Amino acid sequence: MPEKIALYFSPLQQTFADLCTTIDRQDWLHLDQRETACCWRGTNLTLCLHLARTIEDVQKLMRSTYYSAILVDCRHLADYLEAAPKQEKALEDFFNLLGTETDRERRYPFRRVAVLVGDADRERVDKLIFRLGQRHIGACLRDRSLNDGLHGEQDVAASDRLIEQLWQFCSEILVDRPKGKKAFNLAGGGISGIYYELGVLKCLNDAFSGLDVRDFDMYFGIGAGAFVGSFAANGFHVDKLIATIGDIKRKWPYSLRLRMRHLNLREIPKRMNALRRNTVKHLGDLVSRQEDLSVASLLDNYALSLGPLFSHNELERALREQFDTVKHTNDFRKLPRKLFVGVTDQDRREHVLLGDDGYDDVPISLAVQASTAIHPFFQAVPIHGRYYADGAITRTSNITASIAKGADLIFVIDPFVPLISDEAGFNIKHSNLWIQQQDIKTLAYTRFAQMSEEILRQNPQVSCYTFVPSNRMRALMTQSPLSVDNFHPIITEAYAGTYRRLTQLEYKIAGELAEHGIQLELKPVAARVEELSRSRKPDANILIK
């Protein structure tokens, strides 16, 4: 029989005594009452309640304990009607406390809140129920025994019905609700994004007791996230990834660093032919006076000679060699876990999930190459007659697709966030390329923040946690997205930053993870973070030794 902890908030002390009297006469519930807590034991659930009398009590308890449900008793008992305004004021304060939490992931889900109401004054209780409906709470349960005209057996039956409804609500959200799938959503961010995501994954892997990050049900990757996700879905241990990608063990012949051999020289003849044709046409238009000579027209003509700077076919070959082995696979359909790689159809401007139905015959290595085709550095990748490029153009993260495919526990890792500065003129001191990169990051992150807020509001059954670099860390990640520098500082700070975030969320995330059979154990993570802090310089070797 599962045992859950709930918070019971009753501004009026007598309402709890009244509720316990009703519960005590139920032959299918056992009541174990104490001074500051009590337990209700049924056939399918044991619910232990922590009692709160004031908003201050609520705030203190919620900052230290994860509650599977919150029950608020705002019934206006016949002998205490003078307390009704006080009760409703406390109820309003309670929802203000929950709603003013700016950190969405620390905010308590309203779907787990049930409010008990009841009043001899039907109009007053109807107005209260209407206001509660606007809060999108899990349940508003009406005690009809408090209505005028109910006496004797009718009154008892109405009270019993309230307890049945309350127990049904607790059973539905705590016991009967089927567990969904677990998904990682890994966003883009260039090479530094790969480093950051590896640091976060390593920290989560160390913190999850009884589950490896390779054992999630689904992986959704875009750009850097497609690269990391393809390895995780293929069963590569995160320690091996850190050692390989960081070139710590010197065993992987491929390097993420771009060299002269990666220049896209094959594109030059095609670009020169396009430039020649356009120049001839432009001269003809000038002679016929269909067009005037201008700086803009000269720039447009010159731009035709500028194609993608690099080829990353070598990346595709390196991934193919890693996946085309006995232990792993380059075929989406043969993966032990689901992998979806987000790309952008360059001409239709549509987001496509390679690995999804109809797109699962694409080699994984080719899908990752397409998703990492960042303009203007790399050219789009032809697949089935279409041209696909960087998935971040059309999506920051595929939360909607994750939910549609059954995920109710989602971890988003998003390294593609802008650097924030209070210094006026900070960005104008940098190059246009810097400013353009910060603008794109801002567009991507604000798009994600706005869309995810609405998506999760519409899907209250989903628990979603997002990990982004701290603003201090973003300074390490502001160089070119193709830079391979700062591997050790980024990955170690990502690990430490994820630990700090987990400590902030521990009281809440631990309970939600437990529902999926995952125990959160932060002691080994804290030990590694302490060792990192004692090190004279950032060293990723500390994470994998």
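This is a predicted model: local features need pLDDT of at least 70, side-chain atom pairs count only at pLDDT 80 or more; totals for chains, interfaces and linings use all residues.

**Exercise 1.** Work out how strands β11 and β14 are joined.

Step one: find β11 at residues 338-345 and β14 at residues 386-390; strands here are DSSP runs (E, at least two residues) and helices are H or I runs of at least four, numbered from the N terminus. Step two: they run antiparallel, with three bridges joining them, and two strands count as paired if DSSP finds at least two bridges between them.

Residues are numbered from 1 along each chain as its sequence is written, and side-chain values use heavy atoms, leaving out hydrogens and water.

**Exercise 2.** Which strand forms a hairpin with β14?

Step one: go to β13, residues 381-383, which pairs with β14 in the antiparallel sense over three bridges. Step two: check valine 381, which sits opposite tyrosine 388 in β14. Step three: look at the turn, where two residues separate β13 from β14. There, histidine 384 has a positive phi of about 55 degrees.

**Exercise 3.** Which helix gives the most to the lining of the second largest pocket?

Step one: list the elements that each supply at least two lining residues, namely α14 (432-458), β16 (463-467) and α16 (487-514). Step two: pick α14, which gives the most, with three residues.
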